[in-house]
Amino acid sequence: MDLSLELNLPLAAAAPFEDYIARYQQLVYRTAWRMLGAIGDAEDACQEVFLKLHSRLGDFEKAPNPSAWLYRVTVNHCLDVLRKRRPQAEGGNFEVLAAGDNPEQEAALEQQKQRLARLLLRLPVGERSALVLRDLEGLSTREVAAILEVSEETVRTAIHRAKEKLRQWMS
Amino acid sequence: MDELDLLLRDMANEAPPAESLAKVGPRVRGTLRRRVVTRYCLAAAAMLATVLLAWPSAEPVPLPKVPDFSIPAPDFALSPRIIPSPSQSRMRPSRPRRMPRLVNGDKLELASTDPNVVIYWSL
């Protein structure tokens, strides 16, 4: 699909944007999915983040670390969505796809993961963001601190508290 | 590393649902396309409105022929101005105005607004 013709964008702008969608959609989707819990919400968040990227393509390209820029935009968007959403007493309804192989083992693991994912949604948004970015997205504490615009110590504390709560809830 | 860390590591390696992920690109493109179409439609409508407002009307304005092109002046405009007499005037005083009068050779009675007061002026 020739995006430049469809959108009447300059070739120089359309080609990288198409590349960016292909390259970063998993990063954005995964973060939004873990932060928001629902697949539909993750799709909506992805769309909003990429539309924001399209309107601020210059900022994105000038950013020293484009992934960090995208993480920041995604996390901020998710925080906005979570602020508007009513607090979920039971941790919401996290949607995961059922695994196909090794039915019994996979089912047990899926059940555990589904439970953990539900419990993730019960965490305060600050602790959840820190945990998702560092432990699920694999970013360093420094990167997470830069994305969330807090100190590294705050990130460590948030993750420690989040894990303590999760252990307590899971036991 | 406890059970929680293992589960988190497992979740980290989990691929996002492919079917849902595949919807992202087309949704973004569709929204951008709609925005571009809307922007073009609005620009076209604005341009059309500007042209329609600025374009001179093609219909001829029916003007009267030269002999008929005169405005009849009303009669009163040409007639001499009629100045109403004081009796007709709305400025007419409600009572006769007192006038100064000569009492004798060297005394003048001045006009007074109060009928009970008489003022004399000695010449």
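Me: At what angle do the axes of helix α6 (residues 103–120) of chain A and α1(B) cross?
Reply: Two packed helices are described by the angle between their axes and the distance between the axes. Here, in a predicted model, the axes of α6(A) and α1(B) come within 10 Å and cross at roughly 95 degrees. Axes are lines fitted to C-alpha atoms, for helices over the stretch in contact, and angles run from 0 to 180 degrees between N-to-C directions. α6(A) and α1(B) are therefore roughly perpendicular (65 to 115 degrees). Helices are DSSP runs of H or I, at least four residues, and strands are runs of E, at least two, numbered from the N terminus.

Me: Which residues make the contact of α6(A) with α1(B)?
Reply: From α6(A) come Gln112(A), Lys113(A) and Leu116(A); from α1(B) come Leu7(B), Asp10(B) and Met11(B). Contact means that C-beta atoms, placed from the backbone, lie within 7 Å. By class, 3 are nonpolar, 1 polar and 2 charged. Ala, Val, Leu, Ile, Met, Phe, Trp, Tyr, Cys and Pro count as nonpolar, Asp, Glu, Lys and Arg as charged, the others, Gly among them, as polar.

Me: How many residues does each chain give to the contact between the chains?
Reply: Chain B gives 20 residues and chain A gives 29 residues. On the side of chain B, α1 (3–13) and α2 (18–54) each supply at least two. α2(B) gives the most, with 12 residues.

Me: Which residues have the most contacts inside the largest nonpolar core?
Reply: In soluble globular proteins, nonpolar side chains tend to be buried together. This core has 45 residues, and Tyr29(A), Ala32(A), Ala42(A), Cys46(A), Ala130(A) and Val144(A) have the most contacts inside it. α2(A) gives the most to this core, with 10 residues. A nonpolar core joins buried Ala, Val, Leu, Ile, Met, Phe, Trp, Tyr and Cys residues through C-beta atoms within 7 Å. Buried means 20 or more other C-beta atoms within 10 Å of the residue's own, all placed from the backbone.

Me: Where in chain B is confidence lowest, and where highest?
Reply: Where pLDDT is low, the predicted coordinates should not be read in detail. pLDDT is the predictor's confidence in each residue, from 0 to 100. Helix α3 (residues 75–78) of chain B is lowest, at a mean of 61, and α2(B) is highest, at 91. Chain B averages 79. The model scores ipTM 0.71 and pTM 0.63.

Me: How are residues and chains labelled, and which pLDDT limits apply?
Reply: Residues are numbered from 1 along each chain as its sequence is written, and chains are lettered from A and ligands numbered from 1 in the order written. Local features need pLDDT of at least 70, side-chain atom pairs count only at 80 or more, and totals for chains, interfaces and linings use all residues.

How values were computed: Two residues are in contact if their C-beta atoms, placed from the backbone, lie within 7 Å. Angles under 35 degrees count as roughly parallel, over 145 as roughly antiparallel, 65 to 115 as roughly perpendicular and the rest as oblique. A residue is buried if 20 or more other C-beta atoms lie within 10 Å of its own, exposed if 12 or fewer, and partly exposed in between; C-beta atoms are placed from the backbone.
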